[in-house]
Amino acid sequence: MLARRNPAFARLALSAKPTQVRNSSAIPANTAWKNANPSSEFTVSETTGFLPRHDPLPVLPSYFERLEELLHEMPISKGDGTYGLLHSGRFGERIERELPLYDVGFIFDSRILSALYRDYTFLASAYLLEPCDIQFRLARNYGLARRILPANIAAPLETIAARLNARPYLEHSMSFTFYNYRRKDATQPLTTDNIEPIRRFSGCDAEHSYIVGHVAAAQRTGSMVSAAQEILRSVRSDSRPAFDKAMRQYTKAMAQVNDILSQTLKNTSEYASFRTFLNGCNKNQPMFSNGVLYESSTSCPLGSGQQPRHYLGVAQSSNPIASLGTHLFQLSNLSPRGTLPCASSNNGVDSLRPENYQSFLAHISAESRVLGVQTFALGSPASSVEYMAALDQVLAYRYRQWANLRDSIPLQSSGKSAAFRDYFDVQTRHVRDVAELVHRTHANTDTELLTPKSRARAESMVHRAEMVRRSLNRIITDPETAPLAMSMIAY
């Protein structure tokens, strides 16, 4: 009926590649999702969301005393106001001389393994990228990283990573953010003033805020996980009131996430002081032109056919919060350019995450596609507004990510490859695509059937999306154009 009222809806449907008209009798029976590895610290639940089941271990067992001491001495600026080993470029030398080759073969406890994974991935990034950080502070270019990860880091790290079914390299959730916090007061909730990082690279305020902000925001993801599953259940049962209620729950939680991040991720000019250590060793990184050799396995020592490793870094990963919205609302299908991230859990950044994250996001993607969440959402003017509201918050999140990435470019451009600039251009188009989705959804909603309050709400959201879309179109045409400030968008 809507397509007959507005011919443009047919064009939207064509570009969106939507699921065929829903036939409840043709929808396969639901396969309930369960954590693939329930004993992992990184499960996905309606209580903890994407945070670990238990608070991270802040201190390693006494057996790892020397490792703990070196991690404490590592940051450029230590918490007591003195400089650490990375400041003077002495970290690598001390690691080679003083770090024991620890035997971790007897460790199976998930909390200890997760803490060791965090700490050894911090060691690996600091060791490999220390020369790049020194060069960047001197000349604003990266130079070359170390190419060989010594056995006293590589061997334990590979054992630990294998037991956690993770890659042996720094990861966003398992290393840098969600398993890298302690509560100042163990009896109080995870608010920004009750969280402090366990490990740091630079020790600057911006690094502190980045870690604290992401942990505090992730505390709201339990509500998002709950809402996402209720959205799928309501579409399956064809219950529009339940669908609209679950959409409002999702949007509220996402708005809380955005509010926390808007308060914490402000001083992006300091990001360069720690972002060097978040780089991957993939083929597109000029500081790792030939990857990294892991001096670890006695069965395949250096010089006997061992192949270089290539891993994406944290700076090129995506927070699972954004991926959940992408999969749940079928944003990659709706985009006529097909450029939105995480379109495939197997090929995208989803595959870099903890295995339970991968399983959950793959489940959400498959269920949303089978059920036709986008088609259901556009089947009612009221539901279309709730869909727009969710997209509005996804857009706010994506735009903030994009703006933070752009802020890092003026300082880093001389050290970044053409591949990085291409990556940034793709990210720009990603955000523009989401803004266009909001605009097109509004254009194809019969607003005459909305209440005055809902109509005003929809108009406010489409106005913000149009401001973002126009700003990003100008930047795509002229990359030197100043971006729109977050305060002007008024999320």
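Figure 1. The structure holds 25 salt bridges, and the model in which they are found is a predicted one. One of the pairs shown here is formed by Glu 69 and Arg 66, whose side chains meet in a salt bridge with an N to O distance of 2.6 Å. Because Glu 69 and Arg 66 lie three residues apart in helix α3, about one helical turn separates them. Glu 69 has a relative accessibility of 35% and counts as partly exposed, and Arg 66, with a relative accessible area of 22%, is partly exposed as well. Glu 73 forms a salt bridge with Lys 78, in which the closest N and O atoms are 3.1 Å apart. Here Glu 73 is partly exposed, with a relative accessible area of 28%, whereas Lys 78 is buried, with a relative accessible area of 12%.

Figure 2. The side chains of Glu 386 and Arg 457 meet in a salt bridge, with 3.2 Å from N to O. This pair links distant parts of the chain, since Glu 386 belongs to helix α17 (residues 381–412) and Arg 457 to helix α19 (residues 452–477), and the two are 71 residues apart. Glu 386 is buried, with a relative accessible area of 6%, while Arg 457, at 30% relative accessibility, counts as partly exposed. Elsewhere, salt bridges that share partners join Arg 66, Glu 69, Glu 93, Arg 94, Arg 97 and Glu 98 into one network, and Glu 69 and Arg 66 of that network are the residues that meet at 2.6 Å, N to O.

Figure 3. A search of the whole structure finds 25 aromatic pairs. Among them is the pair of Phe 50 and Phe 360, which is edge-to-face, with 6.3 Å from centre to centre and 70° between the planes. Phe 50 lies in the loop between α2 (8–16) and α3 (65–73) and Phe 360 in helix α15 (residues 355–371), so this pair ties together parts that are 310 residues apart in sequence. Both Phe 50 and Phe 360 are buried. A further pair, formed by Phe 64 and Tyr 102, is tilted, with 4.9 Å from centre to centre and 55° between the planes. Because Phe 64 lies in the loop between α2 and α3 and Tyr 102 in the loop between α5 (91–98) and α6 (110–139), the pair ties together parts that are 38 residues apart in sequence. Phe 64 is buried, with a relative accessible area of 1%, and Tyr 102, at 10% relative accessibility, counts as buried too.

**Figure 4. A cluster of rings, and arginines placed over rings.** Ring pairs link Phe 122, Phe 176, Phe 201, Tyr 210, Tyr 271, Phe 274 and Phe 277 into a cluster. Rings also meet charged groups in this structure: the charged end of Arg 146 sits over the ring of Tyr 127, 4.6 Å from the ring centre.

Figure 5. A polar contact of 2.8 Å joins the side chains of Asn 258 and Gln 393. When residues up to four places away in sequence are not counted, Asn 258 touches Gln 393, Ala 396, Tyr 397 and Arg 400.

**Figure 6. Two cysteines and the chain as a whole.** A disulfide is a covalent bond between the sulfur atoms of two cysteines. With a cut-off of 2.5 Å between cysteine sulfur atoms, the count of disulfides in this structure comes to zero. Among the cysteines, Cys 132 counts as buried at 0% relative accessibility, and Cys 204 is buried with a relative accessible area of 15%. Of the contacts in the chain with a separation of 6 or more, 76% are accounted for by residues 24 or more positions apart.

How values were computed:
Residues are numbered from 1 along each chain as its sequence is written. This is a predicted model: local features need pLDDT of at least 70, side-chain atom pairs count only at pLDDT 80 or more; totals for chains, interfaces and linings use all residues. Side-chain values use heavy atoms; hydrogens and water are left out. Buried means under 20% relative accessible area, exposed over 50%, partly exposed in between (1.4 Å probe, protein chains only). Rings of Phe, Tyr and Trp (its six-membered ring) pair if their centres lie within 6.5 Å; planes under 30 degrees apart count as stacked, over 60 as edge-to-face and the rest as tilted. Helices (H or I, at least four residues) and strands (E, at least two) are DSSP runs, numbered from the N terminus. A charge sits over a ring if NZ of Lys or CZ of Arg is within 6 Å of the ring centre and within 35 degrees of the ring normal. A salt bridge is a side-chain nitrogen of Lys or Arg within 4 Å of a carboxyl oxygen of Asp or Glu. A polar contact is a pair of N or O atoms within 3.5 Å; within protein, one must be able to donate a hydrogen and the other to accept it, and residues adjacent in sequence count only if both atoms are side-chain atoms. Contact means heavy atoms within 4.5 Å.
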